Amino acid sequence: MSSTAGKVIKCKAAVAWEAGKPLVIEEVEVAPPQKMEVRLKILFTSLCHTDVYFWEAKAQDSVFPRILGHEAAGIVESVGEGVTELVPGDHVLPVFTGECGDCAHCKSEESNMCTLLRINVERGVMINDGKSRFSINGKPIYHFVGTSTFSEYTVAHVGCVAKINPLAPLDKVCVLSCGISTGLGATLNVAKPKKGSSVAIFGLGAVGLAAAEGARLAGASRIIGVDLNSGRFEEAKKFGVTEFVNPKDHDEPVQNVIAKMTDGGVDRSVECTGNIGAMISAFECVHDGWGVAVLVGVPHKDAVFKTHPMNVLNERTLKGTFFGNYKPRSDLPAVVEMYMNKELEVGKFITHEVPFAEINKAFELMLKGEGLRCIIRME
């Protein structure tokens with residue numbers, strides 16, 4: 001791979017030319033990495049709902065033409081000026097948020113919200129020079145959350161690239177670069193349920209099931225799955241969910257249903273839908289005195305969270321989390337080791353696989369609500 005260092009690489013990429021239209025496989029030019037950047041050869045990527053959300057562009061502004069994708073694994077092809085922690089050949093996970101190592105957030109043991117490299121969904125260029133590294137016939141194609149993994153080669157800031165165990169199978173651990181780690185960390189790092197406790201999980205998609213997996217690993221005795229699709233319960237059992245509640249089956253708010261089931265409320269709840277009603281229910285269903293609710297889902301930009309102040313005064317705690325409170329470069333390698341040590345099962349999240357040429361099938365599956373994660377093989 002070193003023979004391509006410093007040169008423009010021509011490769012295939014799936015370009016989103018406009019909102020909601022099928023991606024088109026194009027030949028793109030990928031410029032060499034600049035200062036504090038690395039160029040990666042992407043081997044496996046998967047489709048996350050966030051990609052679909054910004055591809056549809058229904059609730060926010062989105063930049064086009066764009067190369068989406070942010071959940072992936074690959075190998076470092078070359079590094080730019082100033083990069084010392086990575087070398088060509090390293091196995092890595094690109095991450096939509098970063099860790100510069102120097103800002104107040106990175107130096108804090110409590111935060112992972114890097115000032116420099118925090119996710120920015122509107123920025124379609126590199127922060128070093130405000131330019132894109134992708135082009136077609138000299139015209140720029142924009143980046144997505146600093147990763148743009150729907151391309152055989154991509155360029156990312158070094159702070160958004162986690163070096164991992166070279167023995168880890170990239171077609172499995174690629175899903176740890178976003179959704180699975182987000183849900184897992186929301187439970188293990190933020191909710192922190194005690195052994196034998198009760199946990200309610202709102203939303204049983206991939207992130208919610210990863211949150212359930214975290215509750216299982218923590219030793220929770222009751223894991224209550226809440227979802228509007230009753231068909232998801234059977235699958236959820238594989239991730240430790242012990243009971244299921246469909247709000248549509250009840251004439252009263254689901255938080256009341258859960259309170260009755262658990263003698264006053266669950267010890268912890270994790271909300272993974274982005275629906276504001278579910279967020280409020282997740283907070284109001286935890287037990288007074290010690291209950292902790294963690295919000296993971298991203299709400300509509302106009303949503304407003306409303307609850308009676310007594311719910312707070314009665315010693316319930318409301319928390320939010322971003323990427324499961326994991327610092328990408330410092331913490332992700334250890335999550336990969338959890339998989340390598342057979343503590344964390346990743347394969348059960350992967351329900352489909354398609355070649356890169358059929359990437360639009362992955363979008364179709366997600367839009368139909370079929371499966372959890374679809375792996376896209378770049379070669």
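Trainee: Where is the place of Pro 65?

Mentor: Pro 65 sits in the loop between helix H1 (49–56) and strand S4 (71–79). Helices (H or I, at least four residues) and strands (E, at least two) are DSSP runs, numbered from the N terminus. Keep in mind that this is a predicted model, where local features need pLDDT of at least 70, side-chain atom pairs count only at pLDDT 80 or more, and totals for chains, interfaces and linings use all residues. Residues are numbered from 1 along each chain as its sequence is written, and side-chain values use heavy atoms, leaving out hydrogens and water.

Trainee: Which residues does the cis peptide bond join?

Mentor: Most residues other than glycine have a negative phi, and most peptide bonds are trans. Here, a cis bond links Phe 64 and Pro 65, with omega about -5 degrees.

Trainee: And what is phi at Ser 148?

Mentor: Ser 148 isn't a glycine, yet its phi is positive, about 45 degrees. Ser 148 lies in the loop between strand S7 (139–141) and strand S8 (153–157).

Trainee: Is Ser 148 buried or exposed?

Mentor: Buried means under 20% relative accessible area, exposed over 50%, partly exposed in between (1.4 Å probe, protein chains only). Ser 148 has 0%, so Ser 148 is buried. Asp 263 also has a positive phi, near 55 degrees, but Asp 263 has 69% relative accessibility, so Asp 263 counts as exposed.

Trainee: Where is Asp 263 found?

Mentor: Look in the loop between helix H7 (254–261) and strand S13 (268–271).
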